Amino acid sequence: MLRPTRLALLSFLVVVSAVVFGTALASAQSPSQTAAPAKAEASAPAAPAGAAATQPFDVNAAVEAYLAKMPPARRARSNAYFEGGYWLQLWDFLATVFVMWLLLRFRWSAGMRNLAERITRFRLLQTALYWIQFIVVMSVLTFPLTMYEGYFREHKYDLLNQNFAAWMGDQLKGLGIGVVLGAILIVPLFGLVRRLGKSWWVWGAVLTIVFTAFVSLIAPVYISPLFNKYKKLEEARIKDPILSMARANGIPATDVYEFDASEQSNRVSANVSGLASTLRISLNDNLLKRCTLPEIETTMGHEMGHYVLNHEYKGLVMIGVIIVIAFAFLDWGINFSLARWGEAWDVREMTDVAVLPLAMIVFSLFFFVMTPVTNSITRTMEFEADMYGLNAARQPDGEANVDMLLGEYRKLDPGPVEEFIFFDHPSGRTRITAAMRWKAEHLDTASEEEIARPLFDAK
Ligand SMILES: [Zn+2]
């Protein structure tokens with residue numbers, strides 16, 4: 001979900017739902033900080049314009065012309081930002097493991113459990129009290145990394161509009177949500193462990209999948225509005241064509257919203273979120289302000305693809321399979337570790353809530369290793385949505401421009417293995433190649449204005 005606002009909790013909850021949030025909320029984001037349709041001298045590609053009419057359209061040349069719209073210095077900065085993200089995934093993982101190990105090694109986890117047991121004799125409440133201590137301590141200990149990653153680094157790359165107070169406010173909201181949602185998952189999960197014994201992990205996985213669906217269901221109504229203001233799509237310039245396209249694709253007009261993402265950044269983005277009655281398409285104000293109508297249309301066509309192709313549900317099923325495997329691994333990993341170090345950590349057994357840091361380590365390890373798999377699940381669906389969007393909006397040049405804007409924070413031209421491992425969306429080159437391939441078969445849809453439109457200033 002390069003995600004609307006990154007919740008600062010590296011919690012069990014987030015590990016579980018991040019994957020799904022990635023699918024659900026992060027659908028088509030793109031940045032590009034300095035708005036203004038930049039100065040003309042900046043980029044203007046050698047447009048394969050008039051040539052198209054007489055000669056066969058050269059897909060590769062058209063792709064290269066679009067990629068050349070981003071000046072080399074900008075490209076280098078985008079690559080540095082994105083490649084730095086590869087390392088951050090490793091540091092996030094190691095930081096989580098280290099903090100969880102501290103909680104176990106110095107028996108802080110056992111201490112938090114003992115405190116909860118002194119306060120109340122009701123086990124469900126003990127679990128909830130432990131959870132609150134756990135998530136607060138974890139958030140505090142990982143805060144330096146969170147701050148570097150979410151605040152300083154984003155500012156360094158001009159990708160964040162917020163001052164520290166506003167950013168911190170969002171972090172605290174995220175923590176509050178983590179406390180509540182985490183308790184909703186963790187309390188019944190430990191109830192299951194205590195009641196079911198050995199087979200707990202099967203039902204634990206089922207419960208987690210149901211919980212994930214529940215979070216998706218409530219997110220657009222109760223979570224996203226805590227960070228941004230949402231309203232029905234209003235701006236007349238784009239409202240009519242977008243709603244027309246929505247109707248043509250069987251999507252009720254009541255399901256298209258806009259929100260004020262410029263509170264946080266200048267990134268252009270849109271997404272599909274929700275489930276069943278809360279399922280909706282949202283586009284942000286940066287998209288409305290910074291993009292041309294063909295670019296907005298192709299982005300909305302992409303989002304409508306997610307909607308019509310039922311990606312929310314398919315994603316849930318595919319992530320569900322991974323969650324079941326994760327819980328099997330979790331069961332094995334916890335038993336393996338407790339047999340060796342349980343006594344030293346003063347963690348009694350699987351049913352002891354103080355086992356949570358260990359569960360976090362095992363879970364984080366699993367999802368870290370599975371990164372290429374989860375990325376490939378979302379990347380594949382994103383590519384499907386691209387195909388749908390091209391056919392629905394018929395704006396291949398608008399699509400290529402949006403793909404270039406996304407390139408300000410996502411490396412445009414990675415190697416194939418790199419794309420397979422690290423990309424949760426297709427790279428710019430992949431997407432633009434698809435758009436130009438589509439255009440080659442629909443040359444009447446070519447747009448000279450889009451081809452000539454400069455996207456970046458020279459800096
Ligand atoms: Zn998408």
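**Entry 1: ground rules**

I started with the pocket search, which runs on a 1 Å grid over the protein atoms alone. A cavity is a set of points where a 1.4 Å probe fits but cannot get out, while a pocket is an open set with protein on both sides within 12 Å along at least five of seven lines. Lining residues have an atom within 4 Å of a point. Points are joined across faces, edges and corners, and a volume is the space filled by probe spheres set on the points.

I also noted that this is a predicted model: local features need pLDDT of at least 70, side-chain atom pairs count only at pLDDT 80 or more, and totals for chains, interfaces and linings use all residues. Residues are numbered from 1 along each chain as its sequence is written, and side-chain values use heavy atoms, with hydrogens and water left out.

**Entry 2: the largest pocket**

How much space lies in the largest pocket? I read off about 220 Å³. Its lining has 14 residues, and Ser337, Leu358, Ile361, Val362 and Leu365 are the closest to the centre. The elements that give two or more residues to this lining are α4 (72–105), α13 (311–345) and α14 (356–369). For these labels, helices (H or I, at least four residues) and strands (E, at least two) are DSSP runs, numbered from the N terminus. Helix α13 has the largest share of the lining, with seven residues.

I then sorted the lining by class: twelve residues are nonpolar, two are polar and none is charged. Here Ala, Val, Leu, Ile, Met, Phe, Trp, Tyr, Cys and Pro count as nonpolar, Asp, Glu, Lys and Arg as charged, and the others, Gly among them, as polar.

**Entry 3: the cavities**

I searched the whole structure and got eight cavities of 30 Å³ or more. The second largest cavity has a volume of about 110 Å³. Of the 13 residues in its lining, Leu189, Phe190, Trp200, Leu330 and Ala359 lie nearest the centre. Helices α8 (164–196), α13 and α14 each supply at least two lining residues, and α8 gives the most, with four. The classes here are 13 nonpolar, no polar and no charged.

**Entry 4: salt bridges**

How many salt bridges are there? My count is 19, taking a side-chain nitrogen of Lys or Arg within 4 Å of a carboxyl oxygen of Asp or Glu.

I looked at Arg429 and Glu64, whose side chains meet at 3.0 Å, N to O. Arg429 lies in helix α18 (residues 428–440) and Glu64 in helix α3 (residues 59–67), so the pair ties together parts that are 365 residues apart in sequence. Asp413 joins Glu64 and Arg429 in a network of salt bridges. Arg429 is partly exposed at 26% relative accessibility, and Glu64 is partly exposed at 40%. (Buried means under 20% relative accessible area, exposed over 50%, partly exposed in between, with a 1.4 Å probe and protein chains only.)

Next I took Arg74 and Asp457, with their closest N and O atoms 3.0 Å apart. Arg74 is in helix α4 and Asp457 in the segment after α19 (448–452), so this bridge ties together parts 383 residues apart in sequence. Both Arg74 and Asp457 are buried.

Glu154 and Arg267 form a salt bridge too, at 2.9 Å, N to O. Glu154 sits in helix α7 (residues 143–156) and Arg267 in the loop between β3 (256–259) and β4 (268–273), so the parts tied together are 113 residues apart in sequence. Buried or exposed? Both Glu154 and Arg267 are buried.

**Entry 5: Glu295**

I found Glu295 in helix α12 (residues 293–308). Glu295 is buried, at 0% relative accessibility. Leaving out residues up to four places away in sequence, Glu295 touches Gly398, Asn401, Val402, Glu450, Arg453 and Leu455, where contact means heavy atoms within 4.5 Å. The C-alpha atoms of Glu295 and Glu450 are separated by 8.6 Å, and the two residues are 155 apart along the chain.

**Entry 6: phi angles and totals**

Most residues other than glycine have a negative phi. I noted Asn310, with a positive phi near 55°, in the loop between α12 and α13. Arg394 also has a positive phi near 55° and lies in the loop between α15 (371–393) and α16 (396–406).

Last, the totals: I have 19 helices and five strands, and 58% of the 459 residues count as buried.
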